[in-house]
Amino acid sequence: MAQASVTALGFDADDTLWQNECFFRDTEDRFLDLLADFGDRATLSSRLFTVEKRNIPVYGFGIKGFVLSMMETALEVSDGRLDPSIIAGVLAMGREMLSHPVELLPEVRETLEMLSERYPLILITKGDLFDQERKLAASGLGGLFQAVEIVSEKSASTYARVFAARGDGPDRSLMVGNSLRSDILPALEAGAFAVHIPHDLTWTYEHVDEPVDHPRLFIEQHIRKVAEIVERINESGDGLKR
Ligand SMILES: [Mg+2]
């Protein structure tokens, strides 16, 4: 039997390499403050989430869509009778988000530097093209990736395509990310290995209710463990975890 081995590594960016969700949470908190006259926080927050979900097929993922969803929520909950200063406040918060500093998660740089000497690294991220490019440039990590794929949706076919084009196919690739829904389940479905590194803050949209168990799935608390996992896979013959 052919030996299974991992020859290319894919990485998610937001909340895998750098902080992201915390900026959305902070903004949402301030948005709920602005709308205090129109309902309690829990209700307003769930109204916003409903609008966001409805808008994903229209606007895609990212900050600009979030800003539009905040405006739409404000108009809905106020029945259109809101003070224009609320809209101005939402726009200002959006601009602030689009220029927030990039804060790398611990040991990301060291880990990627080490891994990039052994394997081609591929960045696979979804969201606003312009914003993702800005964050990658600000992160200083760009030179460590052999390829950068900014996609509008992360499905099994996305991973199959990217790992075929940039690596030796999905079955010889491994995806690392914080979102079960976007990074892990579709990568496994495509036939890749996956390392789930949960982040304390993960957007409700990315949650998966069922516990996930798969012979090609590894769950780790820290990105530095990725090298060890790849070595273990490549030494174990069939590539399955022990
Ligand atoms: Mg992520």
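Predicted model: local features only at pLDDT ≥ 70, side-chain atom pairs only at ≥ 80, totals over all residues.
Residues are numbered from 1 along each chain as its sequence is written. Helices (H or I, at least four residues) and strands (E, at least two) are DSSP runs, numbered from the N terminus.

- Six strands make an open sheet in the order 3-2-1-4-5-6, with parallel pairing (two strands pair if DSSP finds at least two bridges between them).
- Strand 3 (147-151) and strand 6 (217-219) sit at the edges, each pairing on one side only.
- From one strand to the next, the twist averages 20° (angles run from 0 to 180 degrees between N-to-C directions, and axes are lines fitted to C-alpha atoms, for helices over the stretch in contact).
- Strand 1 (residues 8-11) pairs with strand 2 (residues 121-126) in the parallel sense over three bridges, and Phe 11 has Leu 123 of strand 2 as its bridge partner.
- Strand 1 also runs parallel to strand 4, joined by four bridges, with Leu 9 opposite Leu 174 of strand 4.
- Strand 4 and strand 5 pair in the parallel sense, again over four bridges; here Met 175 has Ala 194 of strand 5 as its bridge partner.

**Strand 4, inside the structure**

- Five of the five residues of strand 4 are buried, so this strand is largely enclosed by the rest of the structure.
- The cut-offs go by other C-beta atoms, placed from the backbone, within 10 Å of a residue's own: 20 or more is buried, 12 or fewer is exposed, and in between is partly exposed.
- Ser 173, Met 175 and Gly 177 point one way from strand 4, while Leu 174 and Val 176 point the other way.

- Helix 7 (residues 156-166) lies across strand 1, strand 2, strand 3 and strand 4 (173-177), and runs at about 135° to strand 1.
- Helix 9 (residues 226-235) packs on the sheet too, touching strand 4, strand 5 (193-196) and strand 6, and its direction makes about 150° with that of strand 5.

- Phe 23, Thr 27, Phe 31 and Leu 32 are buried in helix 1.
- They cover an arc of only 170° around the axis, which puts them on the same side of helix 1 (the arc is that of the directions from the helix axis to the C-beta atoms).
- Arg 25, Asp 29 and Asp 33 are exposed on the other side of helix 1.
- The buried residues of helix 1 pack against helix 2 (41-59), helix 3 (63-77) and helix 4 (84-97) (residues are in contact if their C-beta atoms, placed from the backbone, lie within 7 Å).
- Helix 1 packs on helix 4 at an angle of about 170°, with the axes 11 Å apart.
- That makes the two helices roughly antiparallel (over 145 degrees; under 35 counts as roughly parallel, 65 to 115 as roughly perpendicular and the rest as oblique).

**Two loop residues with positive phi**

- Asp 79, in the loop between helix 3 and helix 4, has phi near 55°, a positive value in a residue other than glycine.
- Asp 79 is exposed, with 8 other C-beta atoms within 10 Å.
- Glu 107, in the loop between helix 4 and helix 5 (108-116), has a positive phi near 65° and is not a glycine either.
- Glu 107 counts as exposed, with 12 C-beta neighbours inside 10 Å.

Definitions and conventions:
Contact = placed C-beta atoms within 7 Å.
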